[in-house]
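Colleague: I would like to go through the labels on this model one by one. Please set each value against its cut-off.

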Amino acid sequence: MLTYLAALALGIIGVYKLRDGLMLIQNYNDEKEAALRRSQIEVSTPNTNIITKNSEQCKTFKQAV
């Protein structure tokens, strides 16, 4: 009976060790995927300035001295 309890305890410990290892791998892969998505967002984000450059028709403002 004690052998069965010891085997059960070791099995449960083994399952939790396996789960911890798989969670570490999953977290690592999630971080890599998030970094890839962040880099793709930075590349694909267009310029969000409303006025990109001054046209000749616009009067320019000079800084007060």
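Colleague: What share of the 65 residues of the protein chain counts as buried?

Modeller: The share is 2%, where buried means under 20% relative accessible area, exposed over 50%, and partly exposed in between (1.4 Å probe, protein chains only). This is a predicted model: local features need pLDDT of at least 70, side-chain atom pairs count only at pLDDT 80 or more, and totals for chains, interfaces and linings use all residues. Residues are numbered from 1 along each chain as its sequence is written, and side-chain values use heavy atoms, with hydrogens and water left out.

Colleague: Why does Leu8 count as exposed?

Modeller: Leu8 has 52% relative accessibility, so it counts as exposed. Leu8 lies in helix H1, residues 2-44; a helix is a DSSP run of H or I with at least four residues, numbered from the N terminus.

Colleague: What makes the contact of Arg37 and Glu33 a salt bridge?

Modeller: A salt bridge needs a side-chain nitrogen of Lys or Arg within 4 Å of a carboxyl oxygen of Asp or Glu. For Arg37 and Glu33 the N to O distance is 3.3 Å, and their side chains meet in a salt bridge. The structure holds one salt bridge.

Colleague: How far apart are Arg37 and Glu33 in helix H1?

Modeller: They are four residues apart, so about one helical turn separates them.

Colleague: Why is Arg37 called partly exposed?

Modeller: Its relative accessibility is 45%, so Arg37 counts as partly exposed. Glu33, at 44%, also counts as partly exposed.

Conventions: Helix = DSSP H or I, 4+ residues; strand = E, 2+ residues; numbered from the N terminus.
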